[in-house]
Amino acid sequence: MAGKGPGALVRARCGCDGSGRFGAAGRHSEGESTVAKRLYVGNLSYQTTEGDLTALFQEAGSVQSVSIVTDRDTGRSKGFAFVEMSDTDAVRAVEQFNGTELNGRNLNVNEARPREERPGGRGGYGGGYGGGGRRG
C-alpha cells in the first residue's frame with residue numbers, strides 16, 4: 001500500500017491515489033464516496049459467471065469486485081454472489097437489476113446484510129465420544 005493512515009485501505013481497495021483521480025481503468029470524482037457497498041445477488045443460474053455479473057453491473061457504475069459463492073466440496077455455484085460498488089452506484093444497481101432476467105433467471109438484488117455469527121465450530125456433528133467402555 002502506497003500511503004499510510006486511515007484512508008490508505010480505502011484508497012488501495014478503490015484503486016485511486018486519494019486525489020480523486022483514477023488511472024485509465026476507472027472513474028472516480030472527489031465528491032463520490034469511495035466506501036464500497038456490498039450487494040447480494042441471488043437466484044443465479046449455475047451457468048452465470050463472474051464475468052457475466054461484472055458486465056451487467058457495470059451498466060449501473062463502477063464494479064469493485066464480484067464473487068460467486070461456490071460449494072467447498074464440488075466447486076459448483078450455490079446460486080448467489082456478492083458485488084461491491086460505490087454507494088451511489090449500488091443504489092442505482094438495486095433499482096435497475098432487481099427482478100431483471102439473466103441466463104433465464106430473475107435476479108434478486110439487494111444490499112447484503114452482515115453475516116450472522118453461527119454458534120460452535122463443528123456444525124451439526126454432536127456427540128460421538130461417549131460410551132463403549134468395558135464393564136465390570
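This is a predicted model: local features need pLDDT of at least 70, side-chain atom pairs count only at pLDDT 80 or more; totals for chains, interfaces and linings use all residues.
A salt bridge is a side-chain nitrogen of Lys or Arg within 4 Å of a carboxyl oxygen of Asp or Glu. D89 is buried, at 3% relative accessibility. R92 is partly exposed, at 36%.

A second salt bridge links E111 and K37. Here the closest N and O atoms are 3.7 Å apart. E111 lies in strand β6 and K37 in strand β1, so this pair ties together parts that are 74 residues apart in sequence. E111 is partly exposed, with a relative accessibility of 48%. K37 is also partly exposed, with a relative accessible area of 21%. The cut-off matters for K37: a residue counts as buried under 20%.

Helix α3 spans residues 87-97. Its buried residues are D89, A90, A93 and F97. Seen down the helix axis, these residues fall within an arc of 100 degrees, so they line one face of α3. After the helix comes G99, whose phi is positive, near 90 degrees.

The largest nonpolar core has 19 residues. Within this core, V41, L53, F57 and M85 touch the most other members. Five elements, β1, α2, β2 (63-70), β3 and α3, each supply at least two residues of the core. V41 shows how contacts reach across the chain.

G79 lies in strand β3. This glycine is buried, with a relative accessible area of 10%. The C-alpha atoms of G79 and V41 are separated by 8.7 Å, although the two residues are 38 places apart along the chain. Not counting residues up to four places away in sequence, G79 touches V41, G42, N43, L44, Y46 and V69.

The backbone angle phi was also examined. Most residues other than glycine have a negative phi. N43, a contact of G79, has a positive phi near 65 degrees. N43 lies in the loop between β1 and α2. Its relative accessible area is 31%, so N43 is partly exposed. N103 likewise has a positive phi, near 50 degrees. N103 is found in the loop between β4 (101-102) and β5 (105-106). At 43% relative accessibility, N103 is partly exposed.

Technical notes
Residues are numbered from 1 along each chain as its sequence is written. Side-chain values use heavy atoms; hydrogens and water are left out. Buried means under 20% relative accessible area, exposed over 50%, partly exposed in between (1.4 Å probe, protein chains only). Helices (H or I, at least four residues) and strands (E, at least two) are DSSP runs, numbered from the N terminus. The arc is that of the directions from the helix axis to the C-beta atoms. Contact means heavy atoms within 4.5 Å. A nonpolar core is a set of buried Ala, Val, Leu, Ile, Met, Phe, Trp, Tyr and Cys residues joined through side-chain atoms within 4.5 Å.
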